[in-house]
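This briefing goes through the structure shown below by topic.

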Amino acid sequence: MTLKKAPVNARGGPGEDYKVLWSYPAKGVPLQVVEETDDWRRVCDPEGGVGWVHKRSLDGHRSVMRTSSRDLILRDRPSDSARASAVMAGRSTAELLICKTGWCRVSVDHAKGWVRMSDVWGLSDKLQCR
């Protein structure tokens with residue numbers, strides 16, 4: 001899931017009456033859903049924070065984030081020896097297109113390429129929260 005709009009408040013519980021823990025300032029941030037109610041989703045963010053956001057704030061697009069400040073080379077095929085096709089800046093997000101055998105094809109500012117799953121946040125089946 002990603003944030004559909006911004007700003008979005010993360011709350012301490014599933015409702016407007018719960019305290020705002022922080023606010024997400026940018027749309028497109030990838031999130032992992034930890035728990036659900038009819039209208040609210042408890043989410044984990046790339047920093048490891050956990051909070052509740054309203055379901056209308058989320059969309060079904062999958063994205064990933066480069067949590068390291070170092071840039072990441074996108075490859076033209078899923079191999080470390082493949083030619084570089086683009087660069088994903090450190091601390092940026094990319095649209096997730098497809099994954100296979102430890103690699104994922106992503107799109108960043110209209111450029112596409114392959115990255116190792118372990119080099120971006122948001123792909124693990126294990127929750128990556130505190």
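By class, the residues that line the largest pocket comprise three nonpolar, six polar and six charged ones. The model is a predicted one, and the values below are computed from it. The points that follow begin with this pocket and then move to the cores, the strands and the loops.

**The largest pocket**

- The volume of the largest pocket is about 240 Å³.
- Its lining has 15 residues, and those closest to the centre of the pocket are Thr-2, Gly-28, Ser-63, Ala-94 and Glu-95.
- Three strands each supply at least two residues of the lining: β1 (2-3), β11 (93-100) and β12 (103-108).
- Among the contributors, β11 gives the most to the lining of the largest pocket, namely three residues.

**Ser-107 in strand β12**

- Ser-107 has its place in strand β12.
- Is Ser-107 buried or exposed? Ser-107 counts as buried because its relative accessible area is 13%, below the 20% limit for that class.
- Beyond its neighbours within four places in sequence, Ser-107 is in contact with Ala-94, Glu-95, Leu-97 and Lys-112.
- Two of these partners, Ala-94 and Glu-95, are also among the residues closest to the centre of the largest pocket.

**Nonpolar cores**

- The largest nonpolar core has 13 residues, of which Val-64, Leu-74, Met-88, Val-106 and Val-120 touch the most other members.
- At least two residues of this core come from each of β9 (72-75), β10 (84-88), β11 and β12.
- The strand that gives the most to this core is β12, with three residues.
- Apart from this core lies another, of nine residues, which include Leu-3, Val-8, Val-53 and Leu-58.
- Which residues are in contact with Val-106, leaving aside its neighbours within four places in sequence? They are Val-64, Leu-74, Ala-94, Glu-95, Leu-96, Leu-97, Ala-111, Lys-112, Gly-113 and Val-115.
- Val-64 and Leu-74, both in contact with Val-106, are likewise listed with Val-106 among the core residues that touch the most other members.

**Strand pairing and strand faces**

- Strands β4 (residues 32-36) and β5 (residues 40-44) pair in the antiparallel sense, over four bridges.
- A hairpin of three residues joins β4 to β5.
- Within this pair, Val-33 stands opposite Val-43 in β5.
- Strands β9 and β10 also pair in the antiparallel sense over four bridges.
- The bridge partner of Leu-72 in β10 is Met-88.
- In a regular strand, side chains alternate between the two faces of the sheet.
- β9 has a covered face, made of Leu-72 and Leu-74, and an uncovered face, made of Ile-73 and Arg-75.

**Backbone geometry in the loops**

- The peptide bond from Ala-6 to Pro-7 is cis, with omega near -5°.
- Pro-7 itself lies in the loop between β1 and β2 (8-11).
- Thr-101, in the loop between β11 and β12, has phi near 40°, a positive value in a residue other than glycine.
- Thr-101 counts as exposed because its relative accessibility is 73%, above the 50% limit.
- Asp-109 is found in the loop between β12 and β13, and its phi is near 50°, again a positive value in a residue other than glycine.
- With a relative accessibility of 72%, Asp-109 also counts as exposed.

- Arg-56 is found in the loop between β6 (50-54) and β7 (58-59).
- Arg-56 counts as partly exposed because its relative accessibility is 47%, which falls between the 20% and 50% limits.
- Leaving aside neighbours within four places in sequence, Arg-56 is in contact with Lys-4, Lys-5 and Glu-16.
- Arg-56 and Ala-10 are 46 residues apart in sequence, and their C-alpha atoms are 13 Å apart in space.
- Ser-118 lies in the segment after β13 (111-116).
- Ser-118 is exposed, with a relative accessible area of 67%.
- Between Ser-118 and Trp-103 the separation is 15 residues in sequence and 8.4 Å in space, C-alpha to C-alpha.

Notes
Residues are numbered from 1 along each chain as its sequence is written. This is a predicted model: local features need pLDDT of at least 70, side-chain atom pairs count only at pLDDT 80 or more; totals for chains, interfaces and linings use all residues. Side-chain values use heavy atoms; hydrogens and water are left out. On a 1 Å grid over the protein atoms alone, a cavity is a set of points where a 1.4 Å probe fits but cannot get out, and a pocket is an open set with protein on both sides within 12 Å along at least five of seven lines; lining residues have an atom within 4 Å of a point. Grid points are joined across faces, edges and corners, and a volume is the space filled by probe spheres set on the points. Ala, Val, Leu, Ile, Met, Phe, Trp, Tyr, Cys and Pro count as nonpolar, Asp, Glu, Lys and Arg as charged, and the others, Gly among them, as polar. Buried means under 20% relative accessible area, exposed over 50%, partly exposed in between (1.4 Å probe, protein chains only). Contact means heavy atoms within 4.5 Å. Two strands pair if DSSP finds at least two bridges between them. A nonpolar core is a set of buried Ala, Val, Leu, Ile, Met, Phe, Trp, Tyr and Cys residues joined through side-chain atoms within 4.5 Å.
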